[in-house]
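Visitor: I would like to learn how to read a chain interface. Where do we start?

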There are 2 protein chains.
Amino acid sequence: MLTKAKIKYINALSLKKNRTQDSIFIAEGIKTMEEILNSDFSVKEIYCTKEVFNYFSTLIKKETLLVEVSENELEKISLLKTPQKVLALVEQKKAHLVLTDLENKLNLFLDDINDPGNMGTILRIAAWFGIENIICSNDCVDVYNPKVVQATMGAIAGKNIVYVDKTDFFKKVKTETKLPIFGTFLDGSTIYDEVLAKSGIIVLGSEAHGISPEIETFITKKLYIPSFATQMQGVESLNVAVAAAIVCSEFRRR
Amino acid sequence: MLTKAKIKYINALSLKKNRTQDSIFIAEGIKTMEEILNSDFSVKEIYCTKEVFNYFSTLIKKETLLVEVSENELEKISLLKTPQKVLALVEQKKAHLVLTDLENKLNLFLDDINDPGNMGTILRIAAWFGIENIICSNDCVDVYNPKVVQATMGAIAGKNIVYVDKTDFFKKVKTETKLPIFGTFLDGSTIYDEVLAKSGIIVLGSEAHGISPEIETFITKKLYIPSFATQMQGVESLNVAVAAAIVCSEFRRR
C-alpha cells in the first residue's frame, strides 16, 4: 500500500532539485535493480508487484524496506510508459575526485553531454570497457536523472562519477599530472593508425557542439574516426555514444 | 496556409498502414531535409516557416511543392516536441534485392530490431562506414517510422533497405552465394584477433533476444566483443547500435 504523500514524494523526485536535496534517485526495472543491489549503492526502499516480491526479498540487505504494491499503484509512481514490476529509491553516492585516482587508468571526460539517453549509453559503454572514472562538466545532464539511470541498464554501479568546473579541472590535470588528453576532431589523426597510451583522459564532446573551444586547448592528441561513406550517403558525424564506443574499443584492443 | 484536411492527412502518416498505402513518409528538420534533397529521394511537399523558406526554395527540384506555414501550423503537423522549422512529405523508395548486389560488399542484416532509435542510429553508422545494403527481417520496425527517420539525421539517403522473410533470405544466400555470415555471440572468438573478410553479411540481433536461433544456424563465423569490465561494474551486454559501431569499425579498419 502506498500513501498519497509517498506517491507525491516519489513523483517529485523526477526533478533534480528534489533528488539533490534528499540525495536520492529512482531506479526501475528488474535488471537495473539486480545490478544496483549487487553493488555498493545503498537501496532505501523497493516497491514491487506481487510477482517479484519473493525474488527481491532474497536480494535485499537489511537496511532496505521492501513494499508490495499493486500494478495500479506502481503506475502512479513509475516514470515509464510500461512500468517494469519494480521501482526503488536509492541513495546517491558522494563522489570525490583525487587526481591521483586517474593515474595509470583510462578515464572519460564528458563535455556538456545533455541527452539522458546518450549519457546512459556512455556509462554502459564505460562499464563494458572497464572505465570507472567519469568526470562530467557541470553542464552535463544529471547522472541521477531517471532517463539516464534507465539507459544505463544498471551500469551506473561500480563507477566514480563526479561533476567539475571544466576549465579548473583541466588546469589542474595539466599542472599536477602527466596524463595525456584525447579527443576526436575532424582534423585529428586516424585513430586506427595511432599508438594509443594505456592511460589518460578521453574527452567526449556535446551532441550539438562537439568538444568546446576552451577544452580543445588542453587536448594533447587529436584523433579522428575515419568515414568510409560513399558520396550519396551524406552523414557528417557519428552520435556521441557511438563515437565513444569506437574510441574505447580502439584504446582497449591494443 | 494549411487546410484542416491536409493537417489530418499528415497526422495520419504517423501510422504505418497509411504511410505504406500512399508510399509516403514524413521527414523533419533542416539537416535531415538537406540530406534528403541532396539524394535520389523524391520530395513531394515541404512545409516550412518564413525563416527558412528562401533557403529551401534554392534547394528544391521542380516537382516539389514548397509551402510557407506559421509556427503554429507547423506545430499541428509536426511529430516533434520542438518542431524544427521544416517538415516534408517524401516518397518511399521501392527497394529490390538481387543477391548479386551483396557480393564484394559488407552488408548488414537486422534481425528483429524493434526500437526506432536503435534502427536510426544503425543507419547512421552504416552511412559512416559506407554500407549501403541493409536487409531487415519483416519484424523490424518500419524504416519510414518518423522516429527512425529522425534518428538517422538524414542518413536514410543513399541506401538500399529491404524487408525479407529471414529464413528464406538466408537459405538463398547459402545456396546462391559464398558470402560469409557474421554475428556476435558470447561464445564467439575475439573480434580484435580475427582476420575479417572484406565482404559478407553482418547480422545484428534484437535488443531483447540477440540473434534468433533460426538465424544462428546460418552464421559462418561467430565473433565476440571482449569486455574489460571490473567485477563491480555489472554489465551483461552492449546496446545493439553500440555493438554495430564496434563491429563495423573492426571490419573497416583492416
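This is a predicted model: local features need pLDDT of at least 70, side-chain atom pairs count only at pLDDT 80 or more; totals for chains, interfaces and linings use all residues.

Visitor: How many residues of chain B are in contact with chain A?

Guide: In general, the size of an interface is often given as the accessible area lost when the parts come together. Here we use contacts. 34 residues of chain B are in contact with 34 residues of chain A.

Visitor: Which elements of chain B give two or more residues to that side?

Guide: They are α6 (116–128) and α10 (240–253) of chain B. α10(B) gives the most, with seven residues. By class, this side of chain B has 16 nonpolar, 12 polar and six charged residues.

Visitor: How do I read a helix such as α10(B)?

Guide: An α-helix has 3.6 residues a turn, so residues three or four places apart point the same way. Now check the length. At 1.5 Å a residue, the 14 residues of α10(B) should span 20 Å, and its end C-alpha atoms are 20 Å apart, which agrees.

Visitor: How many residues of α10(B) are buried?

Guide: 12 of the 14 are buried, so α10(B) is largely enclosed by the rest of the structure. Among them are Val240(B), Ile246(B), Glu250(B) and Phe251(B).

Visitor: What do the buried residues of α10(B) pack against?

Guide: Elements of both chains. From chain A come α6 (116–128) and α10 (240–253). From chain B come β5 (106–110), α6, β8 (181–190) and β9 (200–204).

Methods:
Residues are numbered from 1 along each chain as its sequence is written. Chains are lettered from A and ligands numbered from 1 in the order in which they are written. Two residues are in contact if their C-beta atoms, placed from the backbone, lie within 7 Å. Helices (H or I, at least four residues) and strands (E, at least two) are DSSP runs, numbered from the N terminus. Ala, Val, Leu, Ile, Met, Phe, Trp, Tyr, Cys and Pro count as nonpolar, Asp, Glu, Lys and Arg as charged, and the others, Gly among them, as polar. The expected span of a helix is 1.5 Å times one less than its number of residues. A residue is buried if 20 or more other C-beta atoms lie within 10 Å of its own, exposed if 12 or fewer, and partly exposed in between; C-beta atoms are placed from the backbone.
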